[in-house]
Amino acid sequence: TGKSSLCKHLNSLGYIAYDIDAVPGLCSWRSKKTGEIGDYYPNIGREWLDQYDWICDEEKLKKLFVNNKDVLICGISSNQKKLLPLFEKVILLTLDNDLLRQRLANRTGENEFAKTESEQLHILEWKDDWEKETLEAGAVQINANQPLESIVKEILELLV
């Protein structure tokens with residue numbers, strides 16, 4: 001949580017940043033068995049989430065870089081291991097589970113994903129393994145328990 005807020009803040013500072021959840025057609029829920037697109041709705045529950053992955057379209061993602069390679073992408077996807085080599089730097093925002101659940105439950109704006117306890121538990125089941133895998137792939141870890149301005153400062157220091 002916090003990636004969309006981070007993206008908005010980076011844009012306000014003049015950086016080109018995309019929230020992959022907000023780019024129409026870039027990501028979709030796909031059945032793990034058939035690959036067909038599924039329709040998520042708030043409070044859909046863990047059973048549905050266990051059957052679907054949030055997939056980012058690699059070719060559409062590459063198009064975001066066409067005119068400018070200095071683009072910041074904010075987001076995660078189930079297929080990101082395949083996508084990470086596209087980036088010069090990968091930053092992993094981590095936070096403790098209690099704060100994660102609190103931020104998810106109190107989200108504002110359009111993203112309603114994981115506001116319920118059932119969906120939060122789904123995230124917590126894969127969070128630690130996913131973070132470990134991302135770090136092993138070369139990501140730099142930033143503690144997201146801190147205020148947004150501090151996170152942005154650390155990110156911008158990494159980009160120079």
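Me: How many helices and strands does the chain have?
Reply: Let's start with how they get counted: helices (H or I, at least four residues) and strands (E, at least two) are DSSP runs, numbered from the N terminus. This is a predicted model, where local features need pLDDT of at least 70 and side-chain atom pairs count only at pLDDT 80 or more, while totals for chains, interfaces and linings use all residues. Residues are numbered from 1 along each chain as its sequence is written, and side-chain values use heavy atoms, with hydrogens and water left out. The count for the chain is seven helices and seven strands.

Me: Why does the chain count as being as compact as a globular protein of its length?
Reply: The globule rule is 2.2 Å times the number of residues to the power 0.38, and the radius of gyration is taken over C-alpha atoms. For 160 residues the rule gives 15 Å, so the chain is as compact as a globular protein of that length, its radius of gyration being 15 Å.

Me: What percentage of the 160 residues count as buried?
Reply: Buried means under 20% relative accessible area, exposed means over 50%, and partly exposed is in between (1.4 Å probe, protein chains only). By that rule, the buried share of the chain's 160 residues is 36%.

Me: Is α1 roughly parallel or roughly perpendicular to α7?
Reply: Two packed helices are described by the angle between their axes and the distance between the axes. Axes are lines fitted to C-alpha atoms, for helices over the stretch in contact, and angles run from 0 to 180 degrees between N-to-C directions. Here α1 (residues 3-12) and α7 (residues 148-159) have axes that come within 11 Å and cross at roughly 65°. Angles under 35 degrees count as roughly parallel, over 145 as roughly antiparallel, 65 to 115 as roughly perpendicular and the rest as oblique, so α1 and α7 are roughly perpendicular.

Me: Which residues of α7 does α1 meet?
Reply: Contact means heavy atoms within 4.5 Å. On the α1 side you'll find Ser5, Leu6, His9 and Leu10. Their partners in α7 are Leu148, Val152, Ile155 and Leu156.

Me: How many charged residues are in the contact of α5 with α6?
Reply: The axes of α5 (residues 97-105) and α6 come within 11 Å and cross at roughly 140°. In α5, the residues in contact include Asn97 and Arg101, and those in α6 include Glu117 and Lys127. Ala, Val, Leu, Ile, Met, Phe, Trp, Tyr, Cys and Pro count as nonpolar, Asp, Glu, Lys and Arg as charged, and the others, Gly among them, as polar. The contact has six nonpolar and two polar residues, and the number of charged ones is three.

Me: Is Glu131 buried or exposed?
Reply: You'll find Glu131 in helix α6 (residues 117-136). Leaving out residues up to four places away in sequence, Glu131 touches Leu92 and Thr94. With a relative accessible area of 12%, Glu131 is buried.

Me: Which residues does Pro42 touch, not counting those up to four places away in sequence?
Reply: Pro42 sits in the loop between β3 (37-38) and α2 (46-51), and at 44% relative accessibility it counts as partly exposed. Its C-alpha atom is 8.9 Å from that of Asn111, 69 residues apart along the chain. The residues Pro42 touches are Glu112 and Glu119.
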